[in-house]
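Here's a quick tour for someone meeting this structure for the first time. Have a look at it below before reading on.

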Amino acid sequence: MSWVKMLLNRYRNEILLGVAAVFLGILIGAVETLFGRVLTEVGEIRQRHFFQLTPFLPIAGMLIMYTYSTIGANSVKGMSLIFSAAFGEEESIPKRLVPLLMGSTWLTHLFGGSAGREGAAVQIGGTIAYSVGKKLNIENRSKVLLITGMAAGFAGMFQTPMAAAFFAMEVFTAGVMEYCAMFPSIIASFAAYYTSRLLGLEKLTVGLNCTFSLSIFLILKIILLGVIFGITGGLFAYVFSFSRSFLNKRINNPILRIFIMGCILSVLVMVLHGGRYSGSGENLIEAAFFMKSISV
């Protein structure tokens, strides 16, 4: 049986990563289920009491910022912290990021703010996996398991395991795929997917009763849409970065800054279609699929 021992020694890291990926997928899938189910309940409460809750958005923002600044350590960096850890610029990701991120997202949704789940999902998964990876004796474990956790977080929340795995593998560097993390990422993604599904996390599904035929005209339209989406995304990223830098220079106190912007935002979301732009945006996606009015 010497050849078996030789194979086990040769593929020791891959075997350990596979086992760890199953464990991480189940754990992260369960956490994402809790996060997602509470988020759904919070959204329903907001819809029922929108005009009573939204005026308190600035206060919720102040509470979130105060909590991060007092007990959050460097958790306030959010996704930037995950990137820094991946490139070795940070040696640790505080585990408190998970409850802080979940609580702040719940509060934001409850009081009428709009916060996506994608960033929160991958940060939760990445933080859990990175913390576990620090305890394992596996080569290049930190980055590989960070990617694995991000994949599991995305898959657990949105139940799209293959998309989650490849998203996590390419998110850190444009045009570069981290193939070293492919094996554990796919395993963890499916483990998280089945876990959140079995635990009853619902996801947005749309049944399409239409057919289409592939043609040159359709391909050209898709290419054009891709260009438009790319330009829009780039423009959004630029405006977001510029506005953050501008406001940081004009208002030094972060709690005061978030209070002022919270007041402006609460007025805007009440005026613009009474909360249509609050929450995660699933209402707009559904409206687009069913050809409902989506005018601003």
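What follows covers a salt bridge, a helix, the cysteines and one glutamate.

This is a predicted model, so local features need pLDDT of at least 70 and side-chain atom pairs count only at pLDDT 80 or more, while totals for chains, interfaces and linings use all residues. Residues are numbered from 1 along each chain as its sequence is written, and side-chain values use heavy atoms, with hydrogens and water left out.

Let's start with the salt bridge (a side-chain nitrogen of Lys or Arg within 4 Å of a carboxyl oxygen of Asp or Glu). The structure has 1 of them, and it joins the side chains of Glu178 and Lys143 at 3.0 Å, N to O. Glu178 sits in the loop between α9 (161-170) and α10 (182-198) and Lys143 in helix α8 (residues 141-158), so the pair ties together parts 35 residues apart in sequence. Both Glu178 and Lys143 are buried, meaning under 20% relative accessible area; exposed is over 50%, and partly exposed is in between (1.4 Å probe, protein chains only).

Helices here are DSSP runs (H or I, at least four residues), numbered from the N terminus. Helix α7 (residues 118-133) is largely enclosed by the rest of the structure, because 13 of its 16 residues are buried.

As for disulfides (cysteine sulfur pairs within 2.5 Å), there are 0.

| Residue | Relative accessible area |
|---|---|
| Glu44 | 35% |
| Cys180 | 44% |
| Cys263 | 28% |

Glu44 belongs to helix α2 (residues 12-48). Glu44 and His109 are 65 residues apart in sequence, yet 9.8 Å apart in space, C-alpha to C-alpha.

Terms used:
Helices (H or I, at least four residues) and strands (E, at least two) are DSSP runs, numbered from the N terminus.
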